Amino acid sequence: MRSMRKKNSKFKGIYISGPMSGVPAWEKVDSFMRAEMHLKEMFPDTRIINPIHLNGFGKNLTYEEYMEIDLMLIDNCDAIYMLKGWQQSLGCNREYGYATAKDMIVLEQEKGI
């Protein structure tokens, strides 16, 4: 796993990956939005891709259809930011595996953002 670059490093994009299924809506939104703000501060010239903004988009989509969209979003990034608890999430593990297979930089959330 490659480590975090210095503040202001250039990335094409950073995708935020974190548990969603089974997480209360308020907690999920809070976690993803805090991560987005943190990443925008750390990497001000980088696109931050936050899948929480898709929440509610295509309410009739299946889990697999959402995952397909997520993987397409990851294709537009060169780093992935793993939120706390990602190891217990099937979707996060798929995103992590996809990102590492593409040799992307993996960043992990530090305690207390």
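Contact here means heavy atoms within 4.5 Å. The legends below describe a predicted model, in which local features need pLDDT of at least 70 and side-chain atom pairs count only at pLDDT 80 or more, while totals for chains, interfaces and linings use all residues. Residues are numbered from 1 along each chain as its sequence is written, and side-chain values use heavy atoms, with hydrogens and water left out.

**Figure 1. Overall arrangement of the protein chain.** The protein chain has three helices and four strands, where helices (H or I, at least four residues) and strands (E, at least two) are DSSP runs numbered from the N terminus. Read from the N terminus, the order of elements is β-α-β-α-β-α-β. Of the 113 residues, 39% are buried; buried means under 20% relative accessible area, exposed over 50%, and partly exposed in between (1.4 Å probe, protein chains only). Among contacts with a separation of 6 or more, 73% are between residues 24 or more positions apart. The protein chain exposes about 6,700 Å², and carbon and sulfur atoms supply 53% of this area. Accessible areas come from the Shrake-Rupley method with a 1.4 Å probe; for residues, only the protein chains shown count as cover.

Figure 2. Ile 16 lies in strand 1 and is buried, with a relative accessible area of 0%. When neighbours within four places in sequence are left aside, the contacts of Ile 16 are Phe 32, Ala 35, Glu 36, Leu 39, Ile 48, Ile 49, Asn 50, Pro 51, Tyr 81 and Leu 83. The C-alpha atoms of Ile 16 and Ile 80 are separated by 6.0 Å, although the two residues are 64 residues apart along the chain.

Figure 3. Ala 35 lies in helix 1, and its relative accessible area of 0% makes it buried. Between the C-alpha atoms of Ala 35 and Ser 17, which are 18 residues apart along the chain, the separation is 9.8 Å. Glu 36 is also found in helix 1 and counts as buried at 8% relative accessibility. Neighbours within four places in sequence aside, Glu 36 is in contact with Ile 16, Ile 48, Asn 50 and His 53. The C-alpha atoms of Glu 36 and Tyr 81, 45 residues apart along the chain, are separated by 9.7 Å.

**Figure 4. The aromatic pair of Phe 11 and Phe 43.** A search of the whole structure finds two aromatic pairs. Rings of Phe, Tyr and Trp (its six-membered ring) pair if their centres lie within 6.5 Å; planes under 30 degrees apart count as stacked, over 60 as edge-to-face and the rest as tilted. The ring centres of Phe 11 and Phe 43 are 5.1 Å apart and the planes stand at 75 degrees, so this pair is edge-to-face. The pair links distant parts of the chain, 32 residues apart: Phe 11 is in the segment before strand 1, and Phe 43 is in the loop between helix 1 and strand 2 (47-49). Both Phe 11 and Phe 43 are buried.

**Figure 5. The largest pocket and its lining.** The largest pocket has a volume of about 370 Å³. Of the 21 residues that line this pocket, Met 20, Ser 21, Tyr 63, Tyr 66 and Asp 70 are the closest to its centre. Strand 1 (13-17), helix 1 (25-42), helix 2 (63-74) and helix 3 (90-101) are the elements that give two or more residues to the lining. By class, the lining has 12 nonpolar, six polar and three charged residues.

**Figure 6. Ile 69 in helix 2.** Ile 69 lies in helix 2 and counts as buried at 19% relative accessibility. The C-alpha atoms of Ile 69 and Leu 54 are separated by 9.4 Å, with the residues 15 residues apart along the chain.

**Figure 7. The backbone at Asp 103.** Most residues other than glycine have a negative phi. Asp 103, although not a glycine, has a positive phi of about 60 degrees. Asp 103 is placed in the loop between helix 3 and strand 4 (105-108) and is exposed, with a relative accessible area of 52%.

Definitions and conventions: On a 1 Å grid over the protein atoms alone, a cavity is a set of points where a 1.4 Å probe fits but cannot get out, and a pocket is an open set with protein on both sides within 12 Å along at least five of seven lines; lining residues have an atom within 4 Å of a point. Grid points are joined across faces, edges and corners, and a volume is the space filled by probe spheres set on the points. Ala, Val, Leu, Ile, Met, Phe, Trp, Tyr, Cys and Pro count as nonpolar, Asp, Glu, Lys and Arg as charged, and the others, Gly among them, as polar.
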